[in-house]
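Please read it with the sequence and the coordinates at hand.

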Amino acid sequence: MLDYRDKKILAPMVRIGTLPFRLLCLRYGADIVYSQEIIDFKMLHCSRKENKVLGTIDFTAPDGRCVFRTCAEEKSRVVFQMGTANAAQALKIAKLVENDVAGIDINMGCPKPFSIAGGMGAALLSQPDKIKEILTTLAHGLSIPVTCKIRLLPTIEETVELVKLIESCGVAAVGIHARYKNQRSSTRCHMDILKQVVASTSLPIIANGGSRYIKCYDDIEKFRQETGASSVMVASAMMFDPSLFRKEGKLPWETIALEFFQLGMSLQPVFANTKYIIAAGLAVTILQSPKGEALLASRTYQEMANAMGWQEVFEKLERDMSHTEVAESCSRFGIPFVVGEPCPKYARLSADTEVSEDGTIEMHVTFQLTQYRDKPTPKTALLEWARRNGKVQPSFETIERSKDRTYKSWCTLDGKKYSSSFWEKKKRSAEHAASLVCMDVLGIKDPRW
C-alpha cells in the first residue's frame with residue numbers, strides 16, 4: 001500500500017506527466033509520480049489492453065487513441081489523477097485502472113476555465129458536499145489509496161475546515177498547492193499558511209507550489225521542513241530539470257534531453273508532447289541558438305535527432321524498433337504481420353496516428369520535395385506498388401481550405417482511407433502526404449528511396 005509520508009513526488013502536469021517523463025523521474029529518484037490529469041469522460045468508453053509489443057498497459061478509446069498508458073516499472077509508484085465532478089462516474093473510471101496503478105487522486109485545485117466550467121478542479125472547493133460524496137465513494141469502493149489535490153481557501157479557518165472534511169472521507173493524504181485559486185506560479189507560495197494547516201491535522205499533507213525555491217535535491221527537503229508537510233510534490237521545477245530528484249546531483253540538460261528523447265521514441269507517445277517537453281522545458285536555454293531554431297522547426301523524431309546531433313541514437317532506436325513499430329500498427333489496423341519476415345523501414349516513426357469515426361487513418365506527415373530529387377514521389381511509388389501487387393489503383397480526394405488556400409487529400413486503397421492532418425500549400429503535395437501515410441501504415445518502402 002502506497003505510503004505518502006517522507007516522499008519526493010512528481011506533481012501532475014498537463015502534457016508533461018506522460019509515461020516517458022514519469023519513468024525518467026522515477027529513474028532519477030522520485031518516490032511517487034502522478035499522471036497528468038485525465039478527465040473522467042475521456043476514459044468512460046476506454047478498454048484495457050495489454051500491449052505486448054511495448055510491454056505496456058494501454059487504456060484505449062473506441063477510435064484507437066491511447067488515453068492512458070502505464071507499465072510494470074511504475075505500477076507500485078504511479079498515481080492516476082482524474083478530473084471529475086461525478087462520484088459514480090469517478091468510481092467507474094477508478095475501478096477500470098485500479099489494478100494497474102498505486103493510487104487515485106482527484107484534482108480539486110485546477111483554476112483553468114475548462115475545469116471550472118465543468119464543475120471540476122477548483123470549482124469543487126466551494127462544494128463541500130460534492131467533495132465528500134466523491135472522496136467517500138472512492139475511498140469505500142477501491143482497494144488502493146485515494147487522495148485529492150486542493151488549493152488554499154480565502155482564510156486559514158476555511159482551509160482547515162476543508163482538510164478536516166477531506167480527512168473524514170477516509171483518504172490517505174491531501175496535496176495542497178500553497179496558493180489561492182486566483183494566484184499563479186509567479187506569486188510566492190504561502191508557506192506560513194500551509195504550515196498552520198499542516199499543524200491542524202494528522203492527515204499526511206503533500207506540500208506543493210515551491211518550485212521557485214527548489215534549485216537542487218536538498219531544497220526539496222528544505223521546503224518540506226519549512227512547511228511542516230509529510231511530503232513534497234514538485235511541478236514546474238521538474239519540467240525544466242527532472243534530475244533535481246537525483247540525490248547524487250544534477251545532470252547536464254543535454255544528458256537529460258537525450259535520455260527523454262530515447263524514452264519518448266521507444267514508448268511512442270504523441271511526438272508533439274515529446275517536442276514540447278524538450279523545447280519548452282529541458283532545452284529552453286538554447287532556443288535562441290541555431291540548434292534551438294532547428295529543434296523548434298522539427299516535426300518528426302528524425303528531424304529532432306538531426307537538429308540535436310542525435311542521429312546515431314535515432315538510427316539505433318529505429319533499427320531496434322522496426323519490428324515493434326510495424327507489429328503495433330498492423331495489430332491496430334488489422335493488417336497481417338509475420339514476425340521474422342523482412343521488415344520495411346518506416347518513413348515517419350514519429351507520426352501521431354489517429355483513426356477518425358469514418359475509419360480514416362490519419363498521421364501528421366508532411367511532404368518534403370527535397371527528399372525526392374531524382375527519385376519517384378510517394379504517389380508514383382504507391383501507384384507502381386499497387387500495379388505490381390495486382391491492387392486496384394488508389395484514388396485521391398482533395399479539398400482546398402479557402403481561408404489560407406491550403407490542401408488536404410485522402411488516399412483510398414483496398415477500401416481504407418489514409419490522410420495527413422497537415423494542410424499542404426499545393427494540391428499535389430497533399431496527395432503525396434496522403435500516399436506517405438498509406439505507405440507508412442502498410443509498411444511499403446520503395447527501394448529507390
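Leaving out neighbours within four places in sequence, Leu135 is in contact (heavy atoms within 4.5 Å) with Ile106, Met108, Val146, Thr147, Cys148, Ile166, Cys169 and Val171. The model is a predicted one, in which local features need pLDDT of at least 70 and side-chain atom pairs count only at pLDDT 80 or more, while totals for chains, interfaces and linings use all residues. Residues are numbered from 1 along each chain as its sequence is written, and side-chain values use heavy atoms, with hydrogens and water left out.

**Nonpolar cores**
- A nonpolar core is a set of buried Ala, Val, Leu, Ile, Met, Phe, Trp, Tyr and Cys residues joined through side-chain atoms within 4.5 Å, where buried means under 20% relative accessible area with a 1.4 Å probe and protein chains only.
- The largest such core has 112 residues, of which Met43, Phe80, Ile104, Leu135, Ile150 and Ile278 touch the most other members.
- A second, separate core of 20 residues includes Ala381, Leu413, Ala433 and Ala434.

- Helix 1 covers residues 19-28, and because 9 of its 10 residues are buried, the rest of the structure largely encloses it.
- Among the buried residues of helix 1 are Leu19, Pro20, Leu23 and Tyr28, and just after this helix Gly29 takes a positive phi of about 135°.
- Leu267 is found in helix 10, which runs over residues 253-267, and its relative accessibility of 11% makes it count as buried.
- Not counting residues up to four places away in sequence, Leu267 touches Leu19, Pro20, Leu23, Leu54, Thr56 and Arg69.

**Overall fold**
- The protein has 16 helices and 17 strands, taken as DSSP runs numbered from the N terminus (H or I, at least four residues, for helices; E, at least two, for strands).
- Its radius of gyration of 24 Å is close to the 22 Å that the globule rule gives for 449 residues, so the protein is as compact as a globular protein of that length; the radius is taken over C-alpha atoms, and the rule is 2.2 Å times the number of residues to the power 0.38.
- Of the 449 residues, 55% count as buried.
- Among contacts between residues at least 6 apart in sequence, 64% join residues at least 24 apart.

**Surface**
- The accessible surface comes to about 20,100 Å², of which 50% belongs to carbon and sulfur atoms, as computed by the Shrake-Rupley method with a 1.4 Å probe.

Conventions. Buried means under 20% relative accessible area, exposed over 50%, partly exposed in between (1.4 Å probe, protein chains only).
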